[in-house]
Amino acid sequence: MIVNSRYTTFMNSFSQELPPLLKAIEQEALADYVPIIRKETQSLLRVMLAAVRPGRILEVGTATGFSSLLMAESAPDPVRITTIENYKKRIPIARENFRRAGRSDEITLLEGDAA
């Protein structure tokens, strides 16, 4: 993807250190070649969550649950997240990551095709 470097620099200016568990989940995903959101997207999500303050979030494509957990951690108010995953291999990994983070009650994982 071609992006003006000024935009990347601007988004990176909002970057924050990940909590240790999220950093571990990020590293596990990268080691297993599972795509996760880039640092700039992480920053953008944090800014959007602070501005919009949603009560509910729908995510299509859970993978390891990294972005769901990032949003749950970054939301300024309590938030309910529903996330959908179709790839059977990733579902137990995401569920375990939600459990590890103590967020199983806040994040609902639906199994199957989002359509």
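Me: Which residues in H4 are buried?
Reply: In H4, the buried residues are Phe66, Ser67, Ser68, Leu69, Leu70, Met71 and Ala72. Buried means under 20% relative accessible area, exposed over 50%, and partly exposed in between (1.4 Å probe, protein chains only). Helices (H or I, at least four residues) and strands (E, at least two) are DSSP runs, numbered from the N terminus.

Me: Before I go on, what sort of model is this?
Reply: It is a predicted model, where local features need pLDDT of at least 70, side-chain atom pairs count only at pLDDT 80 or more, and totals for chains, interfaces and linings use all residues. Residues are numbered from 1 along each chain as its sequence is written, and side-chain values use heavy atoms, with hydrogens and water left out.

Me: Back to H4. How many of its residues are buried?
Reply: 7 of the 9 residues of H4 are buried, so the helix is mostly covered, given the cut-off of under 20% relative accessible area.

Me: What do those buried residues pack against?
Reply: The buried residues of H4 pack against H2, H3, strand E1 (56-60), strand E2 (80-85), H5 and E3. Contact here means heavy atoms within 4.5 Å.

Me: Take H2. At what angle do H2 and H4 cross?
Reply: Their axes cross at roughly 165° and come within 10 Å. Axes are lines fitted to C-alpha atoms, for helices over the stretch in contact, and angles run from 0 to 180 degrees between N-to-C directions. H2 and H4 are therefore roughly antiparallel to each other. Angles under 35 degrees count as roughly parallel, over 145 as roughly antiparallel, 65 to 115 as roughly perpendicular and the rest as oblique.

Me: Left-handed or right-handed, the way H2 passes H4?
Reply: H2 passes H4 in a left-handed crossing. A crossing is left-handed if the near helix is turned anticlockwise from the far one by less than a right angle, and right-handed if clockwise.

Me: Which residues meet there?
Reply: From H2, Leu22, Ile25 and Glu26 meet Phe66, Leu69, Leu70 and Glu73 of H4. By class, this contact of H2 with H4 has 5 nonpolar, no polar and 2 charged residues. Ala, Val, Leu, Ile, Met, Phe, Trp, Tyr, Cys and Pro count as nonpolar, Asp, Glu, Lys and Arg as charged, and the others, Gly among them, as polar.

Me: And H3 with H4, what angle there?
Reply: H3 and H4 pack at about 40°, with their axes 10 Å apart. That makes H3 oblique to H4. H3 passes H4 in a right-handed crossing.

Me: Which residues make that contact?
Reply: H3 supplies Gln42, Leu45, Arg46 and Leu49, and H4 supplies Phe66, Leu70, Met71 and Ser74. The contact of H3 with H4 has 5 nonpolar, 2 polar and 1 charged residues by class.

Me: New topic. How many salt bridges does the structure hold?
Reply: The structure holds 7 salt bridges. A salt bridge is a side-chain nitrogen of Lys or Arg within 4 Å of a carboxyl oxygen of Asp or Glu.

Me: What does glutamate 26 pair with?
Reply: The side chain of glutamate 26 meets that of lysine 39 in a salt bridge (3.1 Å, N to O). Glutamate 26 lies in helix H2 (residues 20-31) and lysine 39 in helix H3 (residues 39-52), so the pair ties together parts 13 residues apart in sequence.

Me: Glutamate 26, buried or exposed?
Reply: Glutamate 26 counts as buried at 5% relative accessibility, whereas lysine 39 counts as partly exposed at 36%.

Me: Where do arginine 103 and glutamate 73 sit?
Reply: The side chains of arginine 103 and glutamate 73 meet in a salt bridge (3.2 Å, N to O). Arginine 103 is in the loop between helix H5 (91-100) and strand E3 (107-111), and glutamate 73 is in helix H4 (residues 66-74), 30 residues apart. Arginine 103 counts as buried at 16% relative accessibility, and glutamate 73 is partly exposed at 38%.

Me: What about arginine 99, which residue is its partner?
Reply: Arginine 99 forms a salt bridge with glutamate 96, the closest N and O atoms being 2.5 Å apart. Both lie in helix H5, 3 residues apart, about one turn of the helix.

Me: Last one: where does threonine 64 lie?
Reply: Threonine 64 lies in the loop between E1 and H4. Threonine 64 is buried, with a relative accessible area of 6%.
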